[in-house]
Structure formats: C-alpha cells, structure tokens
Amino acid sequence: MEKMSRVTTALSSSALTGHTMHCHLDAPANAISVCRDAAQVVVAGRSIFKIYAIEEEQFVEKLNLRVGRKPSLNLSCADVVWHQMDENLLATAATNGVVVTWNLGRPSRNKQDQLFTEHKRTVNKVCFHPSEAHVLLSGSQDGFMKCFDLRRKDSVSTFSGQSESVRDVQFSIRDYFTFASTFENGNVQLWDIRRPDRCERMFTAHNGPVFCCDWHPEDRGWLATGGRDKMVKVWDMTTQRAKEVHCVQTIASVARVKWRPECRHHLATCSMMVDHNIYVWDVRRPFVPAAMFEEHRDVTTGIAWRHPHDPSFLLSGSKDSTLCQHLFRDASQPVERANPEGLCYGLFGDLAFAAKESLVAAESGRKPYAGDRRHPIFFKRKLDPAEPFAGLASSALSVFEMEPGSGSMSWFVDTAERYALAGRPLAELCDHNSKVARELGRNQVAQTWTMLRIIYCSPGLVPTTNLNHSVGKGSSCGLPLMNSFNLKDMAQGLGSETRLDRSKGDTRSDTVLLDSSATLITNEDNEETEGSDVPADYLLGDAEGEDDELYLLDPDHAHTEEPEYVLPQEAFPLRHEIVDTPPGPENLQDKADSPHVSGSEADVASLAPMDSSFSLVSVSHALYDSRLPPDFFSALVCDMLRFYAEQGDVQMAVSVLIVLGERVRKDIDEQTQEHWYASYIDLLQRFCLWNVSNQVVKLSTSRAISCLNQASTTLHVNCSHCKRPMSSRGWVCDRCHRCASMCAVCHHVVKGLFVWCQGCSHGGHLQHIMKWLEGSSHCPAGCGHLCEYS
Amino acid sequence: MDQADLSQKRRYVQYLESFLKTQHYLLQMDGPLPLHYRHYIGIMAAARHQCSYLVNLHVNDFLHVGGDSKWLNGLENAPQKLQNLGELNKLLAHRPWLITKEHIEQLLKAEEHSWSLAELVHAVVLLTHYHSLASFTFGCGISPEIHCDGGHTFRPPSVNNYCICDITNGNHSVEENQVNSAGNVSISDSFFEVEALMEKMRQLQECRDEEEASQEEMASRFEIEKRESMFVFSSDDDEVTPAREISRHFEDTSYGYKDFSRHGMHVPTFRVQDYCWEDHGYSLVNRLYPDVGQLIDEKFHIAYNLTYNTMAMHKDVDTSMLRRAIWNYIHCMFGIRYDDYDYGEINQLLDRSFKVYIKTIVCTPEKVTKRMYDSFWRQFKHSEKVHVNLLLIEARMQAELLYALRAITRYMT
C-alpha cells in the first residue's frame, strides 16, 4: 500500500479509475503494450499499429503508426513493447525478421526511427531493458537473440541459443545483467548480457515449446513460464538448480503469462488456441482460476496490466479485433460457482464424501443418505482443517463404511458364474437360472425367471401338459416340508413384485382404473404376508380373484392392451402356488374372507383335487394361447428389466436380455442396452470374472459392446533365449534362430497354455508338467532345480 | 562404411521409426474412428491419386478387420457418413485452400450422419497422411505387381519391389540399375549442375547481409513464384488411365489439381505467421485426438532437419538453405507464405526440371515418370533424391493439414 501511494503521488494523480470496456479495432491484434503513464496502450498486429488513449469511459484512437502508401512487411508486427523509462520509445518485432524502433517525439508523420535487419527469420519477441534507456533485446525464430544499443546502427552482441527458435526473451527486473529466454524445444536459458558466448544456466521447463515467460516483479528469483503443454510453471532461480515451485495446469496451450501487480501469487494467462478466456490464477491453487475474463470471442493474443502497481486493471487484445479493459471486480470467479464436493471410494468399499458444510447441514435434517442401501451404516463427520484460502468456508467430510457382510457380493459372483446364458433352449435356460437364483435365496429373481419361461415358452415350444409338469417339478421338488417355507419366500418375492407395479405410476393407475378392489386386495396381501407368517392361502385367494378378473374383464377390455397386461403376470406365479399348495380347509376360509372372490365358488371347489388344479392351469394357458402372444408381454418384461436395472441389479437385466435375445431386444433402446451391458461388464471385471465378462461381451448384440473384445487382442511374445520381441509369425525367433517356448518334457513348441517354474524358468505344456511332477519333483529340463508350482 | 554413411542411416531409421509409430497409431491404436473406417479412409485418400499399391494394401487390411467388401465397389456403397467425407478428400488432395468452415460445418451437422470433431480430425490426419504417402509411393516408383491378383495378401512388404528400408538405403540393386541408366546422360553436364548449385548457395549465403531487397520486392517475389509455379508443368503429360479397380472410388475423376495462381488470385495468401503448425495446428490436433499432434510434430521435425551434409560428391555442406527452399516452394505452391523468407532464393536454387518434379509429385503424383525422376539433380545420389521425396511429402502433409485445421479452428470460434 505504501508503495502504491508513493507511485501514485509520483504520477501526480489519484488512483486509476475506469470501467470494463472494449473497443473495436480494424484488424486482429498480435500484441499490446502499455505506456509508463498507464494512460495509453499500443496495439500491434499484422495490419494494425495504433496507439489508443485509455479514458474514463472509452478507448480513443490517438495515433496510427501505420503510415505510408504501401504496407510493408516491416509493419506486420509479431510483438510490440513500450519503453518503461521513455514514453516516446517503442519497439516492434516484424514477422519478416526486422526489429523496428519508433520515436513518438519525431515531428513528422512517420515515427519510424531505426531498422535492424539482422535476424534471418521472424522475430518473436522484443524487450527493453527495464532501467537502461538504450538497450533492446530481441529473440527470433532463427535461434538467435540480439542485443541492440539504440545509439548504434547494429547489434551490440548476439546470443546463440544453440537450440531452436527463441519464443520469448525477458530482462530480469531485479538483476541488471540477467535475461531469460525460452525456446521452441522446451528449454529455458538464463544469460548474462555481458557474456554472449554461453548461457549461464539452461534447463528444460516444458514438454514442447515454451511460448512465454515473466519475471516476478518483486520476488527476485521467480520466473513463470507457459508452454504448449498447457502448463504454467513457476521456477525459483535462486537455488543451484532451477526448482519448480508451482505448477498450474490450464486447458489450452499458454500463449502469454503476466504476474499480477501487488499480488504475490497471482498471474494472468491467455491461451494460443481454442480457449478465448483470460484467467488469473493463484499459483498456490492450481485447479480453479481465481478470476476469469470472458469478453473475447476469439483467442486473446496480448495481455498487460495497466499499471505496474495497480492489480485491478487488465488490458487485452485479441484476434477478434477488439481491445478490452477488464476490471478485476467485474471478473467472473469460478470458485464461487463451484460446489466444492468430493466423492471417493475406499479400498474396501467405503465411501467418503466431502461437501460445503452449509450443504450438508441443510440436508442432514432429513436423512439424505439412506438412498443407497448398500452403504447405509456408518455416518461419521469431522471438520476439515480450515481452508488456507478465502472464499471457502469450512467443509464437512462424511465417511460411509460398509457393514461387514452386508456388502458381500458373493451372490453376485455365484450368480454370474452359474447362470446359463446361451446354448440351450430358452425354457431350460430359464429353469436353470431360476434354480440358481432360488438356491442363492433370491426368490424374486427366481420367480421372474419362471415367469419369463412361461411367458415365452408355453405356447409354441412346450406342450401344455409338459409345462404343467415342469412347473410342478420346478418348485415342489417332492419335498412337502419345504413347501410352506418356499411359499412364504415366494410371497415375499411376490410382494415386492407387486410393489414394482405400484412404483410405476402409469401401470398402477391403469390397474386402479381397471379394478380397484383387486389392487386393494393385492396390497393388503402384501402387507400381511410381509409382516406375519400368514400362510400362502391369501395368495391363493388372490390368485383366484385375479383369475376372476381375467375372466370377467376379458370381454370388455380385450381391445385395450394396457389394462390387461398386468394381470397375467400376477396371475401366473400365483397359479404356480396353487400347484404347490396342498389344498386345505383354510383355503375356503380365506376365500370367504376376501369379499372380492365371492363369485368363484366353482373354481374354489375345483381346487380340492390336485388334478383339477392342473386343469385350471391348462385352462388359463389356453386362454392366452389364443389371445395373448408373447409379444403382448414385452412391454411388461421391459419394465421389469428397467426395474431391476434401477434397483442396481444390472446382472438380472443383462442376463434376461441375453437369454431372451430377439424377443425383447427391439423394445429397449440401444443406448440403454449398451449402458446395462457396460455396467455389468464393468462389475464382472471388478470381481475378476473375466470369463463371464467375455461371454457377456460375446453374446451381446450391441455393436459398441461386442467390439470390446476386438480391441488390444495382440499378444506380444519375446524370445525366451535372446529376450527380443518375436516379430515373425512363427514360433522361431529370427535373431537366434531357435524355437521359443519349448516344452521341457516333450521338446515341442508350446502354443497354448505354458506353465513354468519361476525358479529355473523351465516349463512346458500344462499337462506334461503336471504329469512329470507326479513322478519327480526335479525340473524336467535336467537343471537340477527342485521346481515349485503354485 | 564410413562414419557419414552410418549417421545418415541412423537418421533415416529415426525417421522411419517416427513414421511407423505415427502410422501405427493412426491405424491401430485408440482413436475415435472404428478400424475399418480408418482403412477405408486410407483407401479413399490413396485412390484420389490412383495409387494402386496403397489401395491394394489397405483393401486387404480393410477386409481383415471386418470391413464390408461391398463398400469397395465404390464410395456410393459406403455409409453416408463416409460419402460425406468425399468432398473434403477431393479438396484436400487437390485444392486445400478452398476448404472453408462451411465444409466443416456440413460434415459436423449432418443429422445422424454427422461427424464428431474428434472423428473429423482423425479422418483429416488420415487423409493427409495417405495423400502424401501416395506422393512418396509414386516418387519412389513403388508399384504393385499388376499381374499377380491378390498377391498382396500375405506378402511381407519387402517382397513388393522394395521395402521402405531398402529405398532409404539407396544402394538397392534396382536403384543401382537406375543409376546406370540415368547416369549415362552426360556426367560432365550434371557435374557442372552440382557445382553451379553449390556456387549459388555460397553466393546467397554471402550476399545476404550485403544487399537487402526492398519490402515490396520481397512481397512481389512470392507472388511471382506463386504465379510461376503454374507454368511449371512437364510437357510429357502422357495420360495415365486409372486402373479399373481403383477408379471406383472416384466420383469425379475430372477434379484434379488446379493451379493456385490461376484460380487463387482472389484467395488471400495463407500467412504462416498467423496460423502455423507448431503453435496452432499442434494444439488443435492434440486437443481433439490426443498424442497424434506429438507424433506428427516429431515426424515433421525429423523430416525437416534430416540431412547428412552431403551434396552429390561434396561433403560437409550445410544443406539447410536448400531444404528450406524446397519446403517453402511446396508451401508456396499451396499459397502458404512465410513472411521471413525471400522467395527469390527459390528461383536461384531450384532449377526447372527440379520444379517440374516437385510440382508433379506434390500435386499430381500419378503423372510422375521415371524420366522426371532421372532428369533432376542428375549427379545426386539416389538416397538424396529419396530424401527429397521425404521432404516433399511432409511439406505437403503439413500444407494440407494447415488448411484443414484452420477451417476447423474457424468453425470452432
């Protein structure tokens, strides 16, 4: 502050004032530079070279330096710099390799002063000495830097970088004799102006060209460099080796970098391509820019702080032919827009979540994290250490731990391994998978498979009697004791199944429309079955009722599809129960309880003997044999798949998708399918189920998925003798002309599974080695090693 | 084998490595385009120059990665998306300066057939790569053995007349024969050619500092060179009828190279200082198709700096001036101007027969003849001529890329 006031008094004016404003130039700008008095700015480009006065409200064109009849290439400027000691002195670097100095004090219209034509290629940068009035430095594409004394006609000294094109040269602000230069090959060199023979120091700063550099205005040793590799690096040059102290990663190659006055850690950057914004970074905070100026519509080519001691005014020129003054208080601050949140999984499935405290506090009132049942248990909270930077208040960190056991995914692994997905008729696949699911205690899934089997296989493929038989066999398995247990589980399964339907808004409303009493009963049933061990008879009654509905409603609603498709699905597994349940007196009783089934005494009566229950099933089969083709269910099945996927059981969704194949595929859009496949494969691979995942990839019909196992199928083989890659297609190494990977037992080339001892590196065919080891524990190659195979 | 030979080989190997790495990355590694698309684009590009060698090579690869053989019956059998690319292919191959952001927009906004930016950059790199590779193929006289149908299937590349390594060696037996046949012309004559060239280079080196041409003159020299390149065309234009099998990829055979100067009076000159590969092209490519920018950049770099400091029988010559003249002449033919180059140098260093050769190789490689190859730089080694070819193709690739990428950049802003 002290310094600031001193400077302003030196300028004999009050602090700078102004607005964010811009003015249109006639042509794209390549570079800008500010006059010492902070009231004028010079803009240079291929076809523009003008001085503007910065006034309170606007830029005013003050002088056009581009005079003369024919535009000369000498005026096609790549860079411009205004002398910081002498406000009449300017220098430009021309694209044809000429360095021009301009004296505004000349009385004539042409202010051109001197012309140095020593560089052979484009001059990329010119730089005046910060305190010496007559010293000018230039860096060129030809790899040379030249130092000019403006009192002489030619250069005083030439510095050869010995590497490639020079992109930037900057005199050190603090050290009188030092300047830094950056190169196209990524190097930065430090020179002493008195010693043109060799550089003082050289180091590689970036990968690819270093486009710019800037000395810190106060910190003696700090140099910021920006490169094509999208990085801004801050180097500490005071140490023996240049040390990288800060690194900022931007999103595009960095064309210019300028330290912000009076703000030790701030610097402004603009990019060469693609990104048009100007960013001001706090180098200690390299991920989010402190401020951002978004005025330009094309790449920004030049930036300059208006006054060396005022941090709030930034000037910029751009390819979009505008000159802008940005006010720091008008900048957009990305930090404010960001919701600082972090989410991370731990090694054992723990989940950590950090967020601004205000967010967490607001939500914790209503138990926000109960959503995912797999990570429900632990909820621990502690405050982060206070943020070193302003702008962020405190944040909260939440950690969710897995309940031991609850997160066990063994069912997933078992299911994945045991499911059959192809290679057998559909009915068998469904039965098999249903059995697998049941054995793992996943009854709802088992039910689903059974339903699918019946929906898709009953009419054409399997004769009705056969079907009945297999249904009967499917769950009863001749174990009467198990029955009641089974039944209860199934009831639970069913309960959730119904909830499934309820959860789907449209379906439910349809059902309600169709017959409110039926749904009501179903709901009732659910609650009770879940809550107590009511025998399955309820279901039986329910089933009956539904059957009634079917009979009753068919004539009325045969033409509309939606109301009906709910029914068969519910009806079916229930009928399944019928087969299993030993009919008893409670049946009748419960029937009587539900008012809704009153009309179906005949059916109830027929339940008594086993045979007639079979016949009932047959009847209903006949019913949708004639009226309901499998297509009829596809919408429902799709909903079911979506339900499973949303529940997180993408395994089920994908398995059903594969098993049913063409039957449902067309009803689910490609992207969803791809998404399911991708997540399932990802899961499988996490559990190292490579074989299953490959099978799934193979069986998938979506192109994006099936090409997954087409990628990186190359196997690189190195010769076991000379360790060189085997380039030819055969099994003989072209370098040492020996067969690679010979079996130590049979002395043939092993082309399949090769097993070898890690001790002596001999080995061979898996079977051969196994056989050998039965007889001897020494190496078959005769090396005497006692081989061990794990 | 002396030291120079060795180091020269090492440089070629370096280039070869960089070249193969790039090609492998473009065709095999992760990228936005599916594998068969890549090969098909390669076929499209090579077919524009009727380069049956490359076409055959990639037809096999295309089928091998599961491409639909129906597509090979012509571009109209390929998906609409690839058909859309046909226009860009034509422009890139023959008149890259006509590419505007509207072309890019058409490709990117074609409803369900639209390209993504990343795909487009991949395709552009492939197209330019194969255009220039076709130039190289013709420049080195690599041709398929026409009489063995499908004979390319499982042949290692070395069986095809000569493999790249053999060519770069410059001592391949076939080439030796050419030396003999070409060498008879008149040794003394060509000897003087080299001497004269050396002398000119020396003069230019010396007088550069003394006499500086005025700015206007510099500007007009570029225009002159540009205009002149129009007249540089070989007289023996024996019409090559495109082989049946590849011509199917053409929609428009009549659309060939048109001289910039004849049409380009109203087209503004492309200023390298405003859009160059190192600063702009690289960043764009690397952003949209990661790592490729780096690979191509390396390739350009090695090709541009490739030298073994010999000229014919002279050793330890600084050839950078000559290389720069060749590079800039090619860019000049495409209307690309370097502000910091005196185009008068080109006229001094490159004689007419050489210009004819360059122009033919770069613009209409299918018309190159052995006579042209033999008639320039008669005293130079074949390895040096192959070196020239490398320079030509990389310069051409960069020129095409610059135009295409500039259009993409303009589309993006």
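Biologist: In β28(A), which residue is the bridge partner of A:Ser316?
Modeller: This is a predicted model. Strand β27 (residues 310-318) of chain A and strand β28 (residues 322-327) of chain A run antiparallel and are joined by five bridges. Within that pairing, A:Ser316 has as its bridge partner in β28(A) the residue A:Cys324.

Biologist: Which strands are the edge strands of the open sheet?
Modeller: Four strands of chain A form the open sheet, with antiparallel pairing, in the order β1-β28-β27-β26. An edge strand here pairs on one side only. On average, neighbouring strands of this sheet are turned by 15° against each other, direction ignored. The edge strands are β1 (21-24) and β26 (300-307) of chain A.

Biologist: How many disulfides does a search of the whole structure find?
Modeller: A disulfide is a covalent bond between the sulfur atoms of two cysteines. The cut-off for the sulfur pair is 2.5 Å. Over all chains, the number of disulfides found is zero.

Biologist: Is A:Cys263 buried or exposed?
Modeller: Its relative accessible area is 18%. Buried means under 20%, so A:Cys263 counts as buried.

Biologist: How many residues of strand β16 of chain A are buried?
Modeller: In a regular strand the side chains alternate between the two faces of the sheet. In β16(A), A:Asn187, A:Gln189 and A:Trp191 point one way, while A:Val188, A:Leu190 and A:Asp192 point the other way, and all are buried. The strand (residues 187-192) is therefore largely enclosed by the rest of the structure, and its buried count is six of the six.

Biologist: Which residue in β17(A) stands opposite A:Asn187?
Modeller: β16(A) pairs in the antiparallel sense with strand β15 (residues 178-183) of chain A over five bridges, and A:Phe179 stands opposite A:Trp191 there. β16(A) also runs antiparallel to strand β17 (residues 201-204) of chain A, joined by four bridges. In β17(A), the residue opposite A:Asn187 is A:Thr204.

Biologist: Which residue takes a positive phi in the hairpin of β15(A) and β16(A)?
Modeller: Three residues lie between the two strands of this hairpin. The positive phi is near 100°, and the residue that takes it is A:Gly186.

Biologist: How far apart are the end C-alpha atoms of helix α3 of chain B?
Modeller: Helix α3(B) (residues 52-64) has 13 residues, and at 1.5 Å a residue it should span 18 Å. Its buried residues include B:Tyr53, B:Leu54 and B:Phe62. The expected span agrees with the distance between the end C-alpha atoms, which is 18 Å.

Biologist: Are α2(B) and α4(B) roughly parallel or oblique to each other?
Modeller: Helix α2 (residues 35-48) and helix α4 (residues 80-94) of chain B pack at an angle of about 40°, with axes 10 Å apart. The crossing of α2(B) past α4(B) is right-handed. Angles under 35 degrees count as roughly parallel, so the two helices are oblique.

How values were computed
Residues numbered from 1 in each chain as written. Chains lettered and ligands numbered in written order. Predicted model: local features only at pLDDT ≥ 70, side-chain atom pairs only at ≥ 80, totals over all residues. Heavy atoms only, no water. Buried < 20%, exposed > 50% of the residue type's maximum accessible area, 1.4 Å probe, protein only. Pairing = 2+ DSSP bridges. Expected span 1.5 Å × (residues − 1). Axes fitted to C-alpha atoms, helices over the stretch in contact; angles between N-to-C directions. Parallel < 35°, antiparallel > 145°, perpendicular 65-115°, else oblique. Left-handed = near helix turned anticlockwise from the far one by under 90°.
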